[in-house]
Amino acid sequence: MDILSVFGSMFWHIFTSPLLILILVGSTFLGIIFGAMPGLTATLGVALLTTLTYGLDNQTALLALLSIYVGGVYGGMYTSILLNIPGTAASAATAMDGYPMAQKGQTGRAFGLATTSSLIGSAIGMVFVALLSPMIAKAALQFTSYEYFLLALFGILISGSLTSPELAVKGWIAGLFGIWLSTIGQDHMQMYPRFTMGMHELDNGIDVVPVLIGAFGIPQIMSVLESKLKMKSMNAKSIGKLIPDMKTMFKNSRLIGSSALTGVGIGAVPGIGEDIASWVAYGIARKTSKKPETFGKGAPEGVISTSVANQACVGGAMIPLLSLGIPGSPPAVMLLGALMLHNVAPGPMLLKTNPDFIPQVTAILFAAALAMWVCGMILSKQVVHILRIPQTLFMPLIAVLCVIGSFALGMRVFNLYLMGGIGIISYFFMKLHVPIAPLVIGVILGPMADTSLRTGLKTTGGSLMPMIERPISFILVCLITMIICSQIPAVNKAMRSLFSNVKNKLATSSS
């Protein structure tokens with residue numbers, strides 16, 4: 001009952017304050033624009049808005065950041081359905097059936113299905129945040145230093161593996177590079193300077209925000225200016241009526257449930273994000289459909305499954321963020337950096353230091369979902385006009401905001417050099433198909449991994465045996481070993497052969 005009372009009071013506080021309503025609607029609308037414009041992602045939106053929330057209290061800042069997050073994930077579906085140009089990677093799967101629906105003259109129906117599905121996905125994700133986060137956080141209270149180290153290492157390795165499926169080593173390199181960046185400056189145990197190269201600006205380590213803005217903002221700006229993408233023309237009158245097709249929604253209630261669970265589950269895995277959740281949900285919907293041949297030709301199920309999974313993934317990404325301090329998606333990485341700026345430390349101790357925080361987050365998520373639905377239904381026809389603005393006019397403004405955001409933290413010119421350097425490195429990473437998310441996760445989780453490992457070694461006199469003597473740490477060791485071994489060609493080939501033999505035996509026995 002305490003959770004429900006905190007949830008209700010926070011929800012009531014938001015919708016009885018004109019200022020908070022303005023922030024909620026404004027941030028959601030801004031997120032929709034960032035999602036709709038190719039090259040402007042939800043991650044970049046959260047990064048830029050973070051720099052404007054320094055003077056706000058925690059609740060107001062969190063309301064703005066979660067609203068732009070939810071709106072950014074949703075906004076990508078506009079260009080996917082209208083122009084077959086995904087505004088974000090998460091909306092690429094929506095274009096598979098959304099654009100064919102628009103070509104058939106069902107643009108309004110596609111918008112209605114996507115918007116309502118997004119609302120349902122957000123609500124389901126919110127429920128899982130409220131239920132699972134406290135349970136995981138309570139279990140994590142039993143962690144020792146070695147468990148924290150293994151958990152950070154597991155998060156970086158799994159993020160690198162899943163964000164770079166063709167060659168997981170690329171993701172691991174990015175993650176290890178991020179860990180190395182986090183070790184620059186005086187260590188937290190003996191205050192000995194490391195890798196400072198005599199530069200006093202590095203004595204206190206590198207600030208997270210310039211790294212986040214440089215990693216996600218600069219490569220986006222450079223790639224958009226490089227591509228000079230031209231938008232197709234679209235008439236707002238051709239959209240038609242934006243009426244939610246509730247009959248189709250009720251007909252696909254089972255699909256909505258499976259897609260929501262898929263989004264929550266994938267979102268809870270560190271560093272993956274909404275794009276993979278939407279593709280996995282789309283694949284499941286196609287395989288389980290009675291008419292799989294209709295997918296890719298304007299099937300409403302394709303729009304519903306991807307939209308539900310996208311928004312449910314937002315709630316899923318919040319679960320490890322709040323309970324373990326490990327972000328579940330790239331925008332959640334930015335959100336973690338923002339929370340750290342506001343002296344909020346997500347993790348197992350959050351339940352003791354701020355027990356009302358998780359119910360407040362769920363109330364904000366639900367409020368943001370409602371604002372997203374209202375803005376989406378009202379502004380759909382107007383977004384078409386905004387999409388006609390050349391991207392080259394947006395990018396200089398985004399670059400200025402990146403500079404202001406990096407400089408505003410401590411008023412240090414050095415942060416601008418740091419942002420530029422990380423941005424250039426991240427741009428070349430992107431060109432080499434090296435994922436950026438593991439790099440940023442490594443920067444954030446690096447201090448926890450470093451301090452926890454050294455504390456564990458100091459406590460046990462240099463012994464690593466406790467890693468395999470405690471159940472949780474032993475499971476993490478096994479998982480890490482499996483992840484590493486799965487990238488060895490001989491082991492991978494043997495595992496495929498084993499699975500193939502088991503599958504053949506099962507097929508023979510069943511026949």
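Analyst: Let's start with contact: two residues are in contact when they have heavy atoms within 4.5 Å. Leaving aside neighbours within four places in sequence, R194 is in contact with T183, I184, G185, D187, D450 and R454. This is a predicted model, where local features need pLDDT of at least 70 and side-chain atom pairs count only at pLDDT 80 or more, while totals for chains, interfaces and linings use all residues. Residues are numbered from 1 along each chain as its sequence is written, and side-chain values use heavy atoms, with hydrogens and water left out.

User: What makes D450 and R194 a salt bridge?

Analyst: A salt bridge needs a side-chain nitrogen of Lys or Arg within 4 Å of a carboxyl oxygen of Asp or Glu. For D450 and R194, the closest N and O atoms are 2.9 Å apart, so the pair qualifies. D450 lies in helix α20 (residues 437–459) and R194 in strand β2, so this bridge ties together parts 256 residues apart in sequence. Helices (H or I, at least four residues) and strands (E, at least two) are DSSP runs, numbered from the N terminus.

User: And how do you know that R194 makes a polar contact with the backbone oxygen of T183?

Analyst: The R194 side chain reaches that T183 oxygen at 3.4 Å. A polar contact is a pair of N or O atoms within 3.5 Å; within protein, one must be able to donate a hydrogen and the other to accept it, and residues adjacent in sequence count only if both atoms are side-chain atoms. The value of 3.4 Å falls within that limit, so the pair counts.

User: Which other salt bridge is there, E147 with what?

Analyst: The whole structure has 2 salt bridges. E147 pairs with R470, with the closest N and O atoms 2.7 Å apart. They sit 323 residues apart: E147 in helix α8 (residues 145–163), R470 in the loop between α21 (466–469) and α22.

User: Why is M482 called exposed?

Analyst: Because its relative accessible area is 55%, and the cut-off is over 50%. M482 sits in helix α22.

User: What makes the group with M482 a nonpolar patch?

Analyst: Patches are made of residues with over 30% relative accessible area and no salt bridge; like charges are joined within 9 Å, nonpolar side chains (Val, Leu, Ile, Met, Phe, Trp, Tyr) within 5 Å. Here M465, I468, F474, I475, L479 and M482 make up the patch, with about 570 Å² of accessible area together (Shrake-Rupley, 1.4 Å probe; for residues, only the protein chains shown count as cover). Helix α22 (residues 471–485) gives the most, 4 residues.

User: What counts as the largest nonpolar core, and which residues have the most contacts inside it?

Analyst: A core is a set of buried Ala, Val, Leu, Ile, Met, Phe, Trp, Tyr and Cys residues joined through side-chain atoms within 4.5 Å. The largest has 120 residues, and L66, M318 and V440 have the most contacts inside it. Helix α17 (residues 357–386) supplies the largest share, 12 residues. Beyond four places in sequence, M318 touches L66, V129, S133, L335, V361 and L365.

Key. Buried means under 20% relative accessible area, exposed over 50%, partly exposed in between (1.4 Å probe, protein chains only).
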